[in-house]
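Subject: Structure for you, with notes on what was found in it

Dear colleague,

Below is the structure that I am handing over to you. My notes follow it, with each term defined where it is brought in.

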Amino acid sequence: MTPLTEITSQPKKIVIIGGGITGLSTAYYLQKEKRINGIPLSITLIEAGEKLGGKITTEKVDGFTIEGGPDCFLRQKPWASELAEELGIGEELIGTNDDQRKTYVLVNGKLTPLPDGVMLIIPTKIMPFAFSPLISLSGKIRMGMDLFIPPFKGADDESVGDFIRRRLGEEALYKIAEPLMSGIHVSDPEKQSLLATFPRFRNIEQKHGSLIKGMLTQKKAANHQPLNPSKLNSLFISLKNGVEELINGLEHSLNECQIYTNTLATSILPAADRMYTVELNNGESIGADVVVLAIPAYNAAKLLGSFHPKLANQLGKIPYVSTATISMAFRKQDIQKPFTGFGFVVPSTENRDISACTWSSIKFNHRAPEDYLLLRCFVGGPGKEEMVDLTDDELFRLAHKELNLILGLSADPVLTRVYRWKKANPQYEVGHLDRVKEMFSACAYETPGIYLTGSAYEGVGIPDCINQGKKTAGQLLQYIQQEQVYA
Ligand SMILES: Cc1cc2nc3c(=O)[nH]c(=O)nc-3n(C[C@H](O)[C@H](O)[C@H](O)COP(=O)(O)OP(=O)(O)OC[C@H]3O[C@@H](n4cnc5c(N)ncnc54)[C@H](O)[C@@H]3O)c2cc1C
């Protein structure tokens with residue numbers, strides 16, 4: 001195909017709506033192509049909020065680094081670390097304090113450690129698991145049956161609940177899988193799509209016939225690879241000054257991109273010559289050859305409603321749930337019992353108001369001054385969304401009461417922060433991948449030049465969002481190139 005630089009000197013107008021990590025990554029990879037290959041592009045990014053970052057927000061106050069939204073990302077998915085390296089902030093990446101790595105599960109009101117060797121949710125060390133009080137004897141025997149249960153036949157999706165129940169049993173589902181897995185997806189396991197959220201489990205099952213066998217094989221292979229001392233080896237990674245450093249790095253690098261903050265895109269309408277008009281709430285409208293929607297699906301539905309109601313209707317059907325985080329800082333001297341580990345998760349069967357608590361300043365360095373401890377509680381999620389509407393004071397009291405009951409932590413915090421995340425967590429329900437495929441295909445054939453990307457579609461984790469931004473940039477450049485050739 002003829003390079004774009006040779007067939008046009010008129011810059012193509014790209015409008016990206018949404019200044020979260022996905023929209024910013026899309027802009028970054030487009031700008032990179034523009035620089036490296038001299039592709040003539042005019043890139044505009046529209047963000048409704050006062051600042052960029054969307055769900056990613058870090059507050060620095062009195063020596064504390066408080067994450068309002070995400071606090072880390074998976075190392076296994078390399079796109080976030082790669083981006084940090086490219087932005088020149090690779091040195092800022094930090095791993096978790098793995099010498100203190102331990103997670104607790106609340107069982108009958110008591111914190112019970114997750115046995116050593118549980119990888120994701122699967123036991124890979126016999127003795128610690130056999131002696132752990134977390135799962136009953138019958139529950140352990142049922143989990144062991146995973147070694148003999150034949151793998152699922154076919155490629156159909158199923159719920160995470162059905163999958164775990166089928167392979168490891170009910171107790172493993174409620175005591176381990178549901179609370180641990182809901183940390184990222186905040187979903188009801190009975191509705192959550194296995195293929196869209198944990199495809200790896202289906203792959204392991206099909207390849208090895210059993211989750212336990214598969215994880216043991218993978219562990220053995222990993223043990224043969226020496227740890228690279230110059231690299232971060234922990235499961236989760238963050239940045240010294242918080243995840244927002246990634247956003248700052250992106251913002252800093254996007255100097256060939258016109259960025260509007262405090263500006264809401266209100267509609268997208270088709271215009272002449274296969275172009276679109278993006279209308280903004282400041283009265284302006286912008287012409288675009290390509291429009292990227294890196295926003296929640298329900299917002300994309302509003303923008304597309306007037307010219308593609310069917311697609312808007314499909315987008316509007318992706319459900320979202322609301323959550324809130326409550327961070328609290330304590331003086332170490334005020335705490336009776338020493339804290340160990342990274343925190344605890346609460347199975348829904350415990351019927352508590354909080355769903356998890358992370359001991360942020362133990363999990364990562366650089367989160368609190370030496371003499372202080374920073375904790376973060378989570379509330380809301382499926383079936384408990386009304387809690388997000390409580391006042392800051394009510395949320396703080398509720399979290400503090402729970403910490404007192406569970407940890408005997410009666411000390412008053414020296415600092416508290418509440419962040420609400422309304423309709424922030426997209427729910428990938430069974431069949432999600434097929435629905436996304438349909439929506440992407442409607443875009444490609446019925447609204448060419450419009451791209452849907454971000455956490456609503458192909459992964460909610462930060463690395464997934466970055467990868468989607470990169471993929472969208474590549475796809476839209478290809479589209480522009482084809483348009484030029486066939487024009
Ligand atoms: C509390 C919480 C904790 C999380 N923890 C983790 C974690 O530890 N690790 C991890 O990997 N992931 C985590 N996630 C998930 C991850 O943070 C998100 O999936 C990701 O940041 C979403 O990025 P995005 O760019 O797709 O969307 P968003 O961040 O939602 O960005 C979309 C942007 O579009 C803007 N916008 C919307 N409509 C319009 C419009 N009409 N015009 C202009 N602008 C508009 C919004 O203001 C927003 O800034 C967490 C999420 C939450 C809520």
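Axes here are lines fitted to C-alpha atoms, for helices over the stretch in contact, and angles run from 0 to 180 degrees between N-to-C directions. Helices (H or I, at least four residues) and strands (E, at least two) are DSSP runs, numbered from the N terminus. Please bear in mind that this is a predicted model, in which local features need pLDDT of at least 70 and side-chain atom pairs count only at pLDDT 80 or more, while totals for chains, interfaces and linings use all residues. Residues are numbered from 1 along each chain as its sequence is written.

With those terms in place, the axes of helix H9 (residues 199-208) and helix H10 (residues 211-223) come within 8 Å and cross at roughly 95°. That makes H9 roughly perpendicular to H10, on a scale where angles under 35 degrees count as roughly parallel, over 145 as roughly antiparallel, 65 to 115 as roughly perpendicular and the rest as oblique. On the H9 side the contact (C-beta atoms, placed from the backbone, within 7 Å) is made by Phe201, Ile204, Glu205, Lys207 and His208, and H10 contributes Leu211, Lys213, Gly214, Met215 and Thr217. By class, this contact has 4 nonpolar, 3 polar and 3 charged residues, where Ala, Val, Leu, Ile, Met, Phe, Trp, Tyr, Cys and Pro count as nonpolar, Asp, Glu, Lys and Arg as charged, and the others, Gly among them, as polar.

Turning to the sheets, two strands are taken to pair if DSSP finds at least two bridges between them. An open sheet of 5 strands has the order S12-S2-S1-S16-S22, with parallel pairing. Strand S12 (257-260) and strand S22 (450-452) each have a single partner strand, so one side of each is left without a neighbour in the sheet. Neighbouring strands of this sheet are turned by 15° against each other on average, direction ignored. Strand S2 (residues 41-46) pairs with S12 over 4 bridges in the parallel sense, and Ile43 stands opposite Cys257 in S12. Helix H2 (residues 21-37) lies across S1, S2, S12 and S16, running at about 165° to S2.

A further open sheet, of 3 strands, is antiparallel and has the order S5-S11-S6; its edge strands are S5 (73-74) and S6 (93-95). S6 and S11 (residues 236-239) pair over 3 bridges, with Ile94 opposite Ser238. Strands S3 (residues 58-61) and S4 (residues 64-67) run antiparallel and are joined by 4 bridges, and in their hairpin, which has 2 residues between the strands, Asp62 takes a positive phi near 50°.

As for the ligand, 36 residues lie around it, of which Gly18, Gly20, Gly54, Pro70 and Gly454 come nearest (a residue is near if its C-beta atom, placed from the backbone, lies within 6 Å). H2, S17, S21 and H17 are the elements that give two or more residues to this shell, whose residues divide into 18 nonpolar, 15 polar and 3 charged. Domain 1 (4-50 + 250-318 + 429-486) and domain 3 (320-426) both give residues to the shell, so the ligand lies between them; the domain bounds come from an automatic or database domain assignment. The C-alpha centres of these two domains lie 36 Å apart.

Best regards

Technical notes
Two residues are in contact if their C-beta atoms, placed from the backbone, lie within 7 Å.
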